[in-house]
Structure formats: structure tokens, C-alpha cells
Amino acid sequence: MQEVYEWLVAYGWVVWLVLFLGLAAIETLTLDLFFAMLSAGALAAMLAAILSAPLFLQVVVFSVVALLMIVLVRPVALKHLNMGTRDQRSNIDRLIGEAAVTLEPVGSRTGTVKIGGDTWTARSGDGSLLPAGEQVSVTRIEGATAVVEPLRPAGGSEAAGPFGQDDGLTGR
């Protein structure tokens, strides 16, 4: 028993190093910052061992540093890690509301559109047939298909002349 104690006194830093690395490895699996705080305590105890602190003091350093890290640092770190995740949109969510151009006619089942330089399969949200070259808006994404609707109301009343057809006079 005396030999084990003497070895711990002489090579205690190795034990703390192994504990530090083991706790850090466990943290990579859990990702909740608890074992990272314990790992910081083991690192502080390893430093105490390197500075020739007695074994009981190394254990006290480990306990105090780990406890302080859990109580003071972990809540702040978790707050910063979780901050803004609800406000951040994924890449697909960012496409909703974007303008697109139909590359080929888009109907209730098939078609393609160009959204920001990328070509997507598409279908119209209301089932209408949208001709190629029309400006549309992305209303939602279903799998790998963009659901689109025309930017202007169906029938094009804004650009239409008095007889419902583009007379070339409105300039639109």
C-alpha cells in the first residue's frame, strides 16, 4: 500500500492526465458540457501535481475547480451555445419567400425552377400551369421539390390592357 501511495505522489500528474483525457473523451460523446467541466478540474489537479502539491491538495483542487466550473461557467456556456438557435433558419427555410424563375412549365406535378442559381424540381401550389420564364415565389419546400406560386395574381391584371390582353401600352 505504501508503494502505491509513493507512486501516486511521484507520478500523480499521470493519473490526472489520464482522467483529464478520459473525461474529455466522454464529453465528446455527451456534448452537455458537464464532463468538460470535470475535465478542467482534472487539468487543474494535474498542474497542482506537477507543482508537487500533496495528494489531498490535488483532490481538493480538482473538486473546487470542477465545482466552480459546473456552477459558474457551464450555465453561461450553455446559454451562449443555445442562444439564437430558434432564430436561425436552415438553408431550406431561407428559400421560402424567395423569387424564382420557371425554367420549364410548372404544373401541379412537375416542372423546374431556378432559385438563386440552383435548379429545383417544382410544382405549383394552387395546381395552375405556370409557363416557362415566369417569375414565381417559393411558398414551401417538400422534400426536394419547391412549391411555387406566381408573383402577380393569375390573369396578370396589372399588365393587361382594357380587353384583358397586354396591349403594349402599359409598359409592363
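F34 sits in the middle class of accessibility: it counts as partly exposed because its relative accessibility is 32%. Residues under 20% relative accessible area are called buried, those over 50% exposed, and those in between partly exposed (1.4 Å probe, protein chains only). Welcome to a predicted model, in which local features need pLDDT of at least 70 and side-chain atom pairs count only at pLDDT 80 or more, while totals for chains, interfaces and linings use all residues. Residues are numbered from 1 along each chain as its sequence is written, and side-chain values use heavy atoms, with hydrogens and water left out.

**The overall picture**

- The protein holds four helices and five strands; helices (H or I, at least four residues) and strands (E, at least two) are DSSP runs, numbered from the N terminus.
- Along the sequence, these elements follow the pattern α-α-α-α-β-β-β-β-β.
- Of the 172 residues in the protein, 26% are buried.
- The protein exposes about 11500 Å², and carbon and sulfur atoms supply 63% of that area; such areas come from the Shrake-Rupley method with a 1.4 Å probe, and for residues only the protein chains shown count as cover.
- Among contacts (heavy atoms within 4.5 Å) with a separation of 6 or more, 42% join residues 24 or more positions apart.

**Helix α2**

- Helix α2 has 17 residues and spans 25 Å from its first C-alpha to its last, close to the 24 Å expected at 1.5 Å a residue; the expected span is 1.5 Å times one less than the number of residues.
- Its buried residues are M37, L38, S39, G41, A42, A45, M46, A48 and A49.
- Those buried residues of α2 pack against α1 and α3.

**Helix α3**

- Helix α3 covers residues 55-82, which makes 28 residues, and it reaches 38 Å from first C-alpha to last, close to the expected 40 Å.
- At V73 the helix α3 bends by about 40°, and the proline P75 follows within four residues; the bend is the angle between axes fitted to the seven residues ending at a residue and the seven starting there.
- Q58, F62 and A66 are buried in α3.
- The buried residues of α3 pack against α1 (2-30) and α2 (34-50).
- As background, an α-helix has 3.6 residues a turn, so residues three or four places apart point the same way.

**Aromatic pairs**

- The structure holds three aromatic pairs; rings of Phe, Tyr and Trp (its six-membered ring) pair if their centres lie within 6.5 Å, and planes under 30 degrees apart count as stacked, over 60 as edge-to-face and the rest as tilted.
- One of them is the tilted pair of W16 and F62, with 5.4 Å centre to centre and 35° between the planes.
- This pair links distant parts of the chain, as W16 is in helix α1 and F62 in helix α3, 46 residues apart.
- Both W16 and F62 are buried.
- F34 and F35 form an edge-to-face pair, 5.5 Å centre to centre with 85° between the planes.
- F35 counts as partly exposed because its relative accessibility is 23%.

- Most residues other than glycine have a negative phi.
- L33, which is not a glycine, has a positive phi near 70°.
- L33 lies in the loop between α1 and α2, and it counts as buried because its relative accessibility is 17%.
- S52, also not a glycine, has a positive phi of about 65°.
- S52 lies in the loop between α2 and α3, and it is exposed because its relative accessible area is 65%.

**Two buried residues in the strand region**

- T112 lies in strand β2 (residues 112-115), and it counts as buried because its relative accessibility is 18%.
- Apart from neighbours within four places in sequence, T112 is in contact with V101, T102, L103, E104, V106, T119, W120, T121 and A122.
- E134 lies in the loop between β3 (118-124) and β4 (135-142).
- E134 is buried because its relative accessible area is 15%.
- Not counting residues up to four places away in sequence, E134 touches A100, V101, T102 and P150.
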